[in-house]
Each structure stands twice: as C-alpha cells, then as structure tokens.
Amino acid sequence: MEDKVKEDAYHTEEGTSCRKSHHPERVKKDLTTRLNRIEGQIRGIKGMIDKDVYCDDIITQLSATQSALNSVAKILLEGHLKGCVVDRLSEGDDAVLDELVVTIQKLMKK
C-alpha cells in the first residue's frame with residue numbers, strides 16, 4: 001500500500017518529507033530580497049579572491065555576509081516560534097519542542 005504524504009508536506013531531494021511553512025507574502029519578499037543581496041555579496045567575494053584583494057578586506061566581507069545570513073535565520077526562527085511552534089503546541093504536539101532544540105543547536109554551531 002502506498003504511503004500518503006500529509007497535505008502540508010513535500011519531498012526533498014533526499015526523499016524525506018518536510019513540513020511547509022506559511023510565511024506572509026511580505027516576509028517572503030523580505031527574505032528573498034535579503035538572500036538576493038547575500039548572493040551578490042558572495043559573487044563579490046569570489047571576484048575579490050580572483051583579483052587577489054587583500055585577505056583582511058575579504059574577511060571583512062565574509063563577516064558582513066555571515067551577519068546577513070544570521071539576520072535571515074533570526075527572521076525565520078521568529079516566524080517559526082510564533083507560527084509553527086505555537087500551532088503545533090496548541091494541537092498538543094510537544095515533539096515540536098525537541099525539534100526546536102535541535103534547530104537552535106544547529107544555529108549555535110556557527
């Protein structure tokens with residue numbers, strides 16, 4: 001018998017299912033804008049390396065890019081806490097707390 005995937009899930013390249021988040025359009029637009037800017041920063045850093053720019057200047061740009069990525073992570077984490085986590089807790093799904101701990105540990109590795 002074929003396993004049915006929950007309506008709020010999708011398959012990743014690894015074949016596992018993941019829940020979907022439901023961000024407001026303004027948040028999606030903000031995140032996309034930030035990620036596009038980060039993409040540009042990465043291209044700029046690659047160009048700096050190609051041009052043999054002084055290492056300290058490249059490290060400064062890497063630091064700025066990491067800070068920008070951290071800002072994206074903070075926005076996503078806030079939305080996750082206020083939306084997904086609250087919803088799942090209200091449904092009685094306490095396993096979301098264990099998942100949240102793992103997520104925060106991943107963020108703190110950086």
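**Figure 1. Lining of the largest pocket in the predicted model.** Helix 2 contributes the largest share of the lining of the largest pocket, namely 8 residues. The model shown here is predicted. The volume of the largest pocket is about 790 Å³. Among the 22 residues that line this pocket, Lys 20, Ser 21, His 22, His 80 and Cys 84 are the closest to its centre. At least two lining residues are supplied by each of helix 1 (25-50), helix 2 and helix 3. Sorted by class, the lining of the largest pocket comprises 9 charged, 7 polar and 6 nonpolar residues.

Figure 2. His 80 is located in helix 2, which spans residues 55-90. His 80 has a relative accessibility of 18% and therefore counts as buried, the cut-off being under 20%. With residues up to four places away in sequence left aside, His 80 touches Val 85, Glu 99 and Leu 100. His 80 is also one of the residues closest to the centre of the largest pocket.

**Figure 3. Packing of helix 2 against helix 3.** The axes of helix 2 and helix 3 (residues 95-108) lie 10 Å apart, and the two helices pack at an angle of about 170°. Helix 2 is therefore roughly antiparallel to helix 3, since angles over 145 degrees fall in that class. On the side of helix 2, the contact involves Ala 73, Leu 77, His 80, Leu 81, Val 85, Arg 88 and Leu 89. These residues meet Ala 95, Val 96, Leu 97, Glu 99, Leu 100 and Leu 107 of helix 3. By class, the residues of this contact are 10 nonpolar, 1 polar and 2 charged.

**Figure 4. Backbone at Asp 52.** Asp 52 lies in the loop between helix 1 and helix 2. Its phi is positive, at about 55°, although Asp 52 is not a glycine. Most residues other than glycine have a negative phi. Asp 52 counts as exposed because its relative accessibility is 68%, the cut-off being over 50%.

**Figure 5. Overall arrangement of the protein.** The secondary structure consists of 3 helices and 2 strands. Along the sequence, these elements follow the pattern β-β-α-α-α. Of the 110 residues in the protein, 15% are buried. When contacts between residues at least 6 apart in sequence are considered, 37% join residues at least 24 apart.

Note on methods:
Residues are numbered from 1 along each chain as its sequence is written. This is a predicted model: local features need pLDDT of at least 70, side-chain atom pairs count only at pLDDT 80 or more; totals for chains, interfaces and linings use all residues. Side-chain values use heavy atoms; hydrogens and water are left out. Helices (H or I, at least four residues) and strands (E, at least two) are DSSP runs, numbered from the N terminus. Buried means under 20% relative accessible area, exposed over 50%, partly exposed in between (1.4 Å probe, protein chains only). Contact means heavy atoms within 4.5 Å. Axes are lines fitted to C-alpha atoms, for helices over the stretch in contact, and angles run from 0 to 180 degrees between N-to-C directions. Angles under 35 degrees count as roughly parallel, over 145 as roughly antiparallel, 65 to 115 as roughly perpendicular and the rest as oblique. Ala, Val, Leu, Ile, Met, Phe, Trp, Tyr, Cys and Pro count as nonpolar, Asp, Glu, Lys and Arg as charged, and the others, Gly among them, as polar. On a 1 Å grid over the protein atoms alone, a cavity is a set of points where a 1.4 Å probe fits but cannot get out, and a pocket is an open set with protein on both sides within 12 Å along at least five of seven lines; lining residues have an atom within 4 Å of a point. Grid points are joined across faces, edges and corners, and a volume is the space filled by probe spheres set on the points.
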